[in-house]
Every structure is written in structure tokens, then in C-alpha cells.
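The following note sets out comments on the chains, their contact and the packing of selected helices. It is arranged as numbered points for reading beside the structure.

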Amino acid sequence: MKTSTIRTRLGFAGLIGLLLLAPLAGHAADTNDLGSPAESAQSYSEDYARLVDAALPKFNAEVLGRRLATVRAKYPDGNDPLRLRKITDIEGLLGLPHSTAGGADFVTTGKATYGISKGSGRVHYARNLEGQPPMAFAEAQRSQRELEARHLDLLAQAGIEREQVLFAKTGIMSLRTQADGDSDDRSTLAADSVFTYALRNIDGLQVDGSEAKIASRGPGDIVGMSLRWPGVLLHPKLTSFKLKSAEELKREALAEVKRAANGAVVNVQMAVVLRPVTLEGRRVYVPSLKVGVLPRDEAGAMFYVDLPQQQLTYDDGAVDDR
Amino acid sequence: MKAIRKALLGAGLVLAALGTAGNALADSVWSSAITKWDGDCSGSQRDWWDDMCMAWRHEMADRGFVPVWHNFSLVRVNKYVDPSLASWGNDNNRMDAQDAGLICTHGTVDATGWAGSMHTKDQGECKLNVDQMKIGKASGGRLRFFHMSSCQSVQWDKRLSWFGPAKGGVHVIAGFHGLMYIGSQYVDEYEDLAADGTASKGVGKAWVDNMHHVDHWYNSYKTICPVAMGFGNTAARSADVLNERYASKWSDTAANWTTSRYISGCDPSTGGGALPN
């Protein structure tokens, strides 16, 4: 099993990485106390109690509680930096002519479709690529660094400043074509696009489910964009930032880990996150311990344990059966 | 609590759409999901899998497609097997009678290419294999898009085995290289797949763009590696068909070529090595 360790980007992400590593220090300089120690990612076992023990982030509950209280105080009405509020904002960002063709929350012109999803607030853009030749793969490789810089600049213009980015990675979306019976040696390789993928943090805390994706076929030629960067408001009924003890968290996590693992050899990973839930029809966030149960040979399971001692009510996002 | 609710609702089914099986009356979509393997086939419980499947199905329904779903104990192998390959196969009246299908279940790579876990044994089988499938108009059905929310369902080294099912005429087949994960945070991705694949981009592109993500643990991370395959009578067609949307209804062509769309070098961490360039 190979585990990807963080490949921190030079420049802004490097700075962000250092910022992330600093606040809850007290352990090795390269370990973030909000997540499982890196070495735990290599550990597979049927001894679930030992796995949970090893994976529990080493944060100090009082320090983290104060940090969460600071987030609440700093963003009493929520953190909502995205500047794209309406269709014309997307058109302005991407240099598109104004159009009204489409529906209530989207525009479709034949050349492109874009909009802001009513329910989720996701900002999306896709250029219609039907019948258009792909990029040469070598060109995608050559332009990758330049396009990454352009993508990050575009994100900043959209309101996603660099300090909000927990993790960013730029890569190539490949297209490999071959005839029936041909091996990969006889296939042809092209690039659909060069894309940048970014995850979000607020003051070092990962915002679960919040991500940005931008794809280009060349400088100034954006072919896709998806921004899930909603306003983040801590659960308004959260009045106490006293967090559960390590023992309590381990007990709650262990019960679910046992159930999900089902007797198999697994790996367990954990991270402190701000988790989106629904309260009275709007999205709010609960400080949570995200737990991953990662088997070797079947689909893993992710679940959450609320961090606050205070009991909170919310809708966890289960889809209504119909 | 969630698990109990799912067990009680295990027999979700829209009868109205079944009447259209095999007929081009209304555009329809099929989904199958298992959360608890409490029949005579085995698998670890994953409570959120049907929510992921349902998010896609509901969004497709909201966009005008008739939804058909066979979940939980109704997930049995005959519904996905083509009668030309096994006499008891009934896919042309089930999944292959719709325009698009999504199956959410445990999977693993095997000699045929992929084995998907069923809930309950049927014809003595708990697994659906690649070589039992032939999907699309040329094989008596009409499926144009087949997606699998299932581990190793389009495993790189075995992906060309999907030429077999594609000979039935399906346009796009999509799945994962390596392992993937089940949880509430993935539900939105399936809704976005339906929204994007209907309104703004091809299904093959919407699959890879929406299903790729990084699960980050601050000190390490794991990557999910979706792969979509377009099929066509020429190289150009197999690439372009990745732009076909759910409602576009491009013409059917022979599956002589395929184009795989994937993230260069994507490393799923578990269940498969890094993808090539």
C-alpha cells in the first residue's frame, strides 16, 4: 500500500503549510496536530483499538476549543469570501459576454454553460468541447506551471485568497485512445486539459466538502470550473467550546470503526474538520472528528464524531427515500 | 438509526417505469445500491451508499428522467446479465432497459475485469462479472451510460475488458481505478454528476471531474481515481462521445475504439498503482 504524503507546493502553499503546522505544535515540527500522524497511514491491523489510539490527532482540547471560539468571534456572521454571487459575476471573471439564455440559475449559450446552483451554491462553468481536438500531451506538460499560476490567480480574483487554501495540486486530465485488441503501447495519448484542485481551510481548520476545480486548455482558455466554496457559519446553537476528551472520542470512534471494518484488516485515519450539516434549511458547520476506515480490498467508510461536548441537533444530510 | 431506516426501506421500486422496459417511451435511469449485506452474499455495511446513488437518481428525476431503482435485497445478478451470455439473464428488462444506469456496491478486480457484489444469491452467484454483461441497443437493451460506484470497477490494467459489454452498444462506461470511499461527504458529488451530465458537459467528463477528490488528513492524504471510457467506431468518435450528455441521444456506433479519460499519474493509494501519464 502506498500512502501519498503531503507534497507541499512551493510558494503560497508552502507558506500555508508552515502556518498550518505551527498553531497546535508541541510535537514533531512536521506534524499537524489536527490530523493523524503521518506514520499511522501505513498501519493496517485488526486491532481496532490500537489503530484508533494511534490515529487520534494529538491536539490539546482546550487549545482547540479556544481556537474554535476565536473562529466564531472572528466570523460572527460566517466566513463567505467568494465574490461570485450572480451570473454576471461569473461572466465578469471569465470575460464572457452577458447572456440571459438558460434558466433561473444558469446560462447556456451553446458555447458554454455556467451558473450558480440554487441548492448548493456551487459555481460552475463548462465550455462545450464537442468536436474539438484535445491538447497535445506535451503541450499540457509544458504549460502546466503557467496554467497553475493562472488558475490560482483566477481563484484569488474570485475571492479565494491563498491563505484559504489548505492543499492545491495541478495535474493533467489525460485521454488515451486505442482500438479493440490494441495494447497500451499502441495507444495514442492526448490531454483533455490541465486542471487545478484545491481544498479549503479557515484559520488552519479544514472545511469538509469545500473545494475548487479549474481546468484550462491554454492560457486564458478556461474549459471548466467548479467552486464549492460556501459561506461557513459555525452551528449557531454552539455556545460552549468545551470539547470531548480523547477517551470519549476514541470510544465513540471505536464503535463505528468496528462496525465498518467488519473483522477485516484496515487502516484508520482522522482529521479535525468543520463539517457541513443542515439546520432549519441552511448549511451550518459543526467541529468534528472525521474518521476514515480504509480497508485493503473493499470500499472504505467515512464518518464523523462531533467534537463539542454540547449536544447539537441538525440534519446530517441523509437523502430522503423516494 | 440510519441502518434501521435503510433496512425498512429496502424494497424501493417504481412500477410505472418498469412498464416501459425495452421501449423508448420515456428517458429513464436505473440505480441499484446495497448498504447492508444481510442476504446470503457478504460485504461490509456502508450506510451512505444508497444516499450517494439516490442523490444521482433524484437529480435525474428532477431533470425529467423516469427513475427506476432496485436496491438492497433486490440487487441480484440476473438484472445485469445479458441473455445472450446466460439464458437466465434479464438485463434487457431491467437495467439495460433504461438510458443510464448506476450501481453502488462493493467491487473488486478479478480475471474478468471486475466482480460486483450482489446482495442475495441468484443462479448460485453472488458476483456480477464483466464477461456476463452486454449493454446497449445492439444487445436488445438501450443503456447509453453505465456508471459503477464500486472499487476497481475500471481498474487500469483490466479496463479493456469493458470492450466486451460495450459491444452491446453502450456509449460510456465509468468507474474507479483502485479503492473508493463511502460517506456523507460524497453525496453532493453524485448530485453534481447528474446536474453537470444533463446540463453542461458530457457524462464521461462529468464522472471524472466530480468523482475525483482528495481525502486529506493534514499529514497525509488519499486520492480517488475515477476513469471514464468512451466507445465508438473510430478513434475520434470514442473521444468525442465523452461529451455526450444524458439527454443528447447521440447515434449508436460499433465499439471498435475506446478513449479513457483519467487523471495523469493519479495514485489511489490503495487497490492499484498510479495511473500512467
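**Comments on helix packing, chains and domains**

1. Helices α5(B) and α6(B) cross in a right-handed sense. The model under discussion is a predicted one. The axes of α5(B) and of helix α6 of chain B, residues 203-211, lie 9 Å apart, at an angle of about 155°. Angles over 145 degrees count as roughly antiparallel, and α5(B) is therefore roughly antiparallel to α6(B).

2. The residues behind this packing can be listed for both helices. From α5(B), the contact draws on B:Glu189, B:Asp192, B:Leu193, B:Asp196 and B:Gly197. From α6(B), the partners are B:Val203, B:Ala206, B:Trp207, B:Asn210 and B:Met211. Sorted by class, the contact of α5(B) with α6(B) comprises five nonpolar, two polar and three charged residues.

3. Helix α5(B) also packs against α3(B), at an angle of about 25° and with 7 Å between the axes. Angles under 35 degrees count as roughly parallel, so α3(B) is roughly parallel to α5(B). The crossing of α3(B) with α5(B) is right-handed.

4. On the α3(B) side, this second contact is formed by B:Asp51, B:Met52, B:Cys53, B:Ala55, B:Trp56, B:Glu59 and B:Met60. On the α5(B) side, B:Val187, B:Tyr190, B:Glu191, B:Leu193, B:Ala194 and B:Ala195 take part. The contact of α3(B) with α5(B) has 10 nonpolar residues and three charged ones, with no polar residue. B:Leu193 belongs to the contact of α5(B) with α6(B) and also to that of α5(B) with α3(B).

5. Chain B as a whole contains seven helices and 12 strands. Its C-alpha trace spans about 55 × 50 × 35 Å along the principal axes.

6. Chain A has six helices and 12 strands. With 322 residues, chain A has a radius of gyration of 22 Å, close to the 20 Å of the globule rule, so it is as compact as a globular protein of that length. The C-alpha trace of chain A spans about 60 × 50 × 50 Å along its principal axes.

7. The domain assignment divides chain A into domain 1 (33-76 + 235-306) and domain 2 (87-228). Taken over C-alpha atoms, the centres of domain 1 and domain 2 of chain A are separated by 31 Å. Contact between these domains involves eight residues of domain 1 and seven residues of domain 2. Strand β10 of chain A, residues 266-279, gives the most to the side of domain 1 that touches domain 2, with six residues. That side of domain 1 of chain A divides into six nonpolar and two charged residues, with no polar one.

8. Helix α2 (residues 48-55) of chain A packs with helix α6 (residues 246-261) of chain A at an angle of about 130°, their axes being 10 Å apart. The angle makes α2(A) oblique to α6(A). The crossing of α2(A) and α6(A) is right-handed. A:Tyr48, A:Ala49, A:Val52 and A:Asp53 of α2(A) meet A:Lys250, A:Ala253, A:Leu254, A:Val257, A:Lys258 and A:Ala261 of α6(A). The contact of α2(A) with α6(A) includes seven nonpolar, no polar and three charged residues.

How values were computed. Residues are numbered from 1 along each chain as its sequence is written. Chains are lettered from A and ligands numbered from 1 in the order in which they are written. This is a predicted model: local features need pLDDT of at least 70, side-chain atom pairs count only at pLDDT 80 or more; totals for chains, interfaces and linings use all residues. Axes are lines fitted to C-alpha atoms, for helices over the stretch in contact, and angles run from 0 to 180 degrees between N-to-C directions. Helices (H or I, at least four residues) and strands (E, at least two) are DSSP runs, numbered from the N terminus. Angles under 35 degrees count as roughly parallel, over 145 as roughly antiparallel, 65 to 115 as roughly perpendicular and the rest as oblique. A crossing is left-handed if the near helix is turned anticlockwise from the far one by less than a right angle, and right-handed if clockwise. Two residues are in contact if their C-beta atoms, placed from the backbone, lie within 7 Å. Ala, Val, Leu, Ile, Met, Phe, Trp, Tyr, Cys and Pro count as nonpolar, Asp, Glu, Lys and Arg as charged, and the others, Gly among them, as polar. Domain bounds come from an automatic or database domain assignment. The radius of gyration is taken over C-alpha atoms; the globule rule is 2.2 Å times the number of residues to the power 0.38.
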